[in-house]
Every structure is written in structure tokens, then in C-alpha cells.
Amino acid sequence: MKKYTLILLLLIAGFGTRAQTKEAVVKVSGEVTSPLTIGSADLQQYKQTTVIRKDRDGKDHTYSGVIVSDILTKAGVTLGSELRGENLAKFLLVEASDGYQVLFALAELDKGFTDRTIILADKIDGQPLAPADGPFRIIVQDEKKPARCIKQVTAMKVMFAK
Amino acid sequence: MKDNRQANYKLPLSLRKGKVCLILCLLLVVAGLTAYTGTEPTVPMGDYVFNYPANFGNRINVPANNPTTQQGVYLGRLLFYEPKLSATNTISCGSCHQQSKAFTDGKALSIGVNNGLATRNSMSLANLLWARKFFWDGRAASLEGQVAFPLTNPHEMGQPIEVSVQKLSNTKVYPGLFKIVYGDSTITGERIAKAIAQFERTLISANSRYDQYLRNVYQPTDDELKGMELFNRGADPEKGIRGANCTHCHGGPKTYLELFHNNGLDSISKDEGMAAFTGLVTDRGRFKVPTLRNIALTAPYMHDGRFKTLDEVVDHYSEHIKQSVSLSAFLQGESNEVGGKSLKLQPKEKKQLIAFLNMLTDSTFITDKRFADPHRSTKN
């Protein structure tokens, strides 16, 4: 009987803490050759970059993370020399926990087309992003409105415009 | 020349009159015979054409394997209002989704066949054609997937699909209708769900006073206009701009953006919300931002029906947002006062906001006969 009680308690404890235990990740899918699931530790494996831009408080902040095209290249997305012809009709759809979606044409992300840096950030001024903003947020260098600096990113899908 | 033409024109007209009379008489005879001999209802056939304003946009969601047809919608409407789909033969989808209340039921939590309570507040069904995630926690990716849950949940209609299939198979009307819609008379759970989903997609609400205002055929009152301004503007006290920024989540002509947020109802939400399946602490108490269409008709409010009136809802956003790790970012530090911690709308502004919310009531939608219970006029 004690044994069953213990198992029951463990089960209840398991259910109770379930919500706290899962790690947030970004899933990279769609027109890719290798789908990726990126957690905080995975992001550290890429070359780190910083972008300075203003937040809602009107002040400059230093965001650090990984250039989005580096992640997409690892997933086998048609960037660089392959970004021509019909591949220019592809876009990246970024999704957040709240269901918000924004998109970038692949050409907006490719350094052959633009010097503007777009990163998947995980830190602001050296600290992890606030829970309501992170753990992953897109930061678009120099874009006037912050609307595409999408917070709480959960997925990046590469798709063809139909 | 002119006179001749008139004469030529008159002659066929009198002939036509005769023909019209003859055709009318024949039609009456046919109609009379049909009424006398036929018990089968006339089922409209063909593709169903959705009519909606251009400003609603065309990002509609109809699965490729369930195209909307007039016959499918006809069947779906019968099933939506079919109490045989419940364990007690007393509850249909229409019991908790009543047209007069914009397809809600006025209760905090609906009562199911076992007299138990549903877990969350009955959601308004309007403009689902544009929705891509269903339920308060968005866990279903299609209406077809959503339908199965309330049919079988013990606290809702509480009947296994196989029993529903059996009951419908034993009726006179349903096997024939399934044949018309699906090509053969086999009734399955999937086919039931598909037909109900087809009907639900036709529930388009697009004729509120707000829609009429957007079409330039309604002039709002001063309060409605000021309420609309507050609704659409974010507060910026340093520039002297007052606002409630409702549009951040409820914006656009549909007043629906398919977002999911923790709106600060509790410090620790009793209901896990989306966290139940994402496992993320930041998804705790995160729920669907519902449509505001017909919002004056769909009390009580929130996922648990805790607020009885729109005044209570507006008071919540103005003064009672609870901080937590899951609280959505846009609700943090939004205020009409410099350095303020909450929105702080004035009593007059709250009234104006509610005047605007009342503009979203679509009386055409709640009285549209195409959406009403067909069993009252159709033999079954």
C-alpha cells in the first residue's frame, strides 16, 4: 500500500511540475534539408553576433545572438549562391508563443543582398531576455518599427510563396 | 418606326403574360404534389460560396479534404442542432452555442449531460472561417479536430462516436443525407465532424454597426467615436495621448487576430492554459484572445466566465492586471499616467469604450434564419 502511495505521490509531483520543466526551443522547418530544434545550449554553438537597437523604452540596447542566415544555412536553406531563380520566391515565417507571425523574404536575410543584420537573440545587455520577451527574440538592425522584432520565438518555417 | 416597335413589343408581352400564368399554374400543381407525396426535404446542392467583406481578407481556412458544399452545410446544420448526438438525447451543439447569444449560452461554465460542468466558458462561434487554432488553448488545428471533443467529453455531450453513428444510422433521414453529401450512406465520426465544421464555417458575422461604419453607411455617436479612438490607440502620457490599445490583440475589421495571451487575471493561474501541452512556464494561464464581435451578447467573460459584465472586463484591464512571470509583455507598464503601473482609464473613458464595444453587435447575424435550428421546420 505504501509503495502505491509513493508511486501516486511521485506521479502527482510529476504532473505538478511538468509545466516548469520543459525548455523553450525554436523549431526550424519547411523548405530545409535538415530540420533543426534549437535550445539555449545549441544556440551557443553558433558564431555570436551583437546588434544595437532601441527598444520600447527609447534607449539603445545591445542584443546578442546568432545571425538568422547562419541558422538557416545549417538547416540547408537555399541562401548564398543558391538564392536565385525560383528560390527568390521563398520566405521565412517566424512564429511566437502568442501566435504572432512575421515574415522575411529570404533575400532580406542574405548577406549577398544586404548588410543589415537580423539575429535570433537570447541576451539583452549581456543578460538573458526577460521571460515575456524570450528566451529567443528576433532583432532587426535599423528597422524603424519594432513590429518584426518578434518575441518568444518558437518556430521558423521556410516556405514558397504560392 | 417608333410606333411599329411599340406594337411589336406589346404583342409578345401579352403572349408572355399567358405563358407566365401557365408556368405558375404548373408550378403550383408540382408544388402541391410535392407537398402531398414527398417527405424528403429539398437539399440544396453545389459549392458553397462564402460572402464576406473584402476587408476581412482572404486568409481563410478550409481543409483540402473537406471542401464546403451546400449539401454539406445543410447536413452540418441538422447535426449541429441534433440532440441525438448526446448521451441523454437532450443536448446539441446548439445548447451551449445559442444563436441569440452569438452562439454562447450565458453561463460561466456550461452544464453537460452528467450535470457536470465544462472546464471552460463556451466560446462564441463567429467568423471561424478565418481561425486556424481552436479551443481556449488553441490545441486543435482544425474545426474538424475540435468537434470530436465536446461530442464525447462526459461533461458536455458525453456520447461515444460509435453510439452517435448508430443512432443516426437508425433514423430515416440521415443515411440518405450522408449519401447526398459523401456519395454513400455510411455514417462515420469523421463525416459527422466534417459536416458540422462546414456549417460552422458559414457563421459569418459582418453586419455590425462597426462594419456599417467601415462601409460608410453608419455615423457613430460621439461616445462610440471616442471609444473607438481609445480602442485603437496606445497610451502615451508623455505626448498627452490617452488610449487603451485594445487593437493590439483585437484589431482589424474582424476584431480577431488569433493570438494567445496571459492577460493578468491571476498571479498563479489555476488553469494551466497552453502550458498544459507546451510545458512552458510562460504559457501558464495563456489563452486565446477571443473575437470581440457580438461581445455585448456573450457574457460572462474570460475562459472561466469570471466577469459578468463588460464594465468588469474594462475595470480589469484598467486597474487589476496581476503581475506574474507569464504575464504578456504588452500588458506590462502600459499606462495613461506618467510612470503609472496600470492603464488607469477614467470612468467616462470606460463608458465610451463600452459604447464602442456595443457597436460590434451584429443583429443580422443572431437572427439569420440560415443559422437557426432547422429541426423546428424539418421532419426528422
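What follows is a short chat about strands, cores and contacts in this predicted model.

Q: Is this an experimental structure or a predicted model?
A: This is a predicted model.

Q: OK. What is the strand order in the open sheet of chain A?
A: The open sheet has five strands in the order S2-S1-S10-S5-S6, and the pairing is mixed.

Q: Which strands stand at the edges?
A: Strand S2 (36–38) and strand S6 (101–105) of chain A do. Each has a single partner strand, so one side of each is left without a neighbour in the sheet.

Q: And what does the twist average from one strand to the next?
A: The twist averages 20 degrees from one strand to the next.

Q: How do S1 and S10 of chain A run, parallel or antiparallel?
A: They run parallel. Strand S1 covers residues 26–30, strand S10 covers residues 153–160, and four bridges join them. As for individual residues, A:Val28 has A:Met156 in S10(A) as its bridge partner.

Q: Let's stay with A:Met156. Does it count as buried or exposed, and why?
A: A:Met156 counts as buried because it has 26 C-beta neighbours inside 10 Å, and the cut-off for buried is 20 or more.

Q: What is A:Met156 in contact with, leaving aside neighbours within four places in sequence?
A: A:Val26, A:Val28, A:Leu92 and A:Val94.

Q: And where is A:Pro131 relative to A:Met156?
A: The two are 25 residues apart along the chain, and their C-alpha atoms are separated by 20 Å.

Q: Different strands now. What joins S3 to S4 in chain A?
A: Six bridges do. Strand S3 (residues 49–54) and strand S4 (residues 60–67) run antiparallel. One of the residue pairs is A:Lys54 with A:Asp60 in S4(A).

Q: How many residues are between the strands in that hairpin?
A: The hairpin of S3(A) and S4(A) has five residues between its strands. A:Gly58 in this hairpin takes a positive phi near 80 degrees.

Q: Which other strand do bridges join to S4(A)?
A: Strand S7 (residues 118–124) of chain A, through five bridges, and these two also run antiparallel. A:Gly65 stands opposite A:Ala121 in S7(A).

Q: Over to chain B. What does its secondary structure come to?
A: Chain B has 14 helices and two strands. Of its 380 residues, 39% count as buried.

Q: Which residues have the most contacts inside the largest nonpolar core?
A: B:Leu75, B:Leu79, B:Ala195, B:Ile196 and B:Leu203, in a core of 53 residues. Helices H2 (70–80), H4 (143–152), H6 (174–182) and H7 (189–201) of chain B each supply at least two residues of this core. Domain 1 (54–204) and domain 2 (209–364) of chain B each give at least three residues to the core.

Q: What does B:Ile196 touch, not counting residues up to four places away in sequence?
A: B:Gly76, B:Leu79, B:Phe80, B:Cys93 and B:Val147.

Q: Which residues does the second, separate core include?
A: That core has 30 residues, including A:Leu43, A:Leu72, A:Val94 and A:Leu106.

Q: Last topic. How many residues of chain A are in contact with chain B?
A: 15 residues of chain A are in contact with 18 residues of chain B. On the chain A side there are five nonpolar, five polar and five charged residues.

Key:
Residues are numbered from 1 along each chain as its sequence is written. Chains are lettered from A and ligands numbered from 1 in the order in which they are written. This is a predicted model: local features need pLDDT of at least 70, side-chain atom pairs count only at pLDDT 80 or more; totals for chains, interfaces and linings use all residues. Two strands pair if DSSP finds at least two bridges between them. Axes are lines fitted to C-alpha atoms, for helices over the stretch in contact, and angles run from 0 to 180 degrees between N-to-C directions. Two residues are in contact if their C-beta atoms, placed from the backbone, lie within 7 Å. Ala, Val, Leu, Ile, Met, Phe, Trp, Tyr, Cys and Pro count as nonpolar, Asp, Glu, Lys and Arg as charged, and the others, Gly among them, as polar. A nonpolar core is a set of buried Ala, Val, Leu, Ile, Met, Phe, Trp, Tyr and Cys residues joined through C-beta atoms within 7 Å. A residue is buried if 20 or more other C-beta atoms lie within 10 Å of its own, exposed if 12 or fewer, and partly exposed in between; C-beta atoms are placed from the backbone. Domain bounds come from an automatic or database domain assignment.
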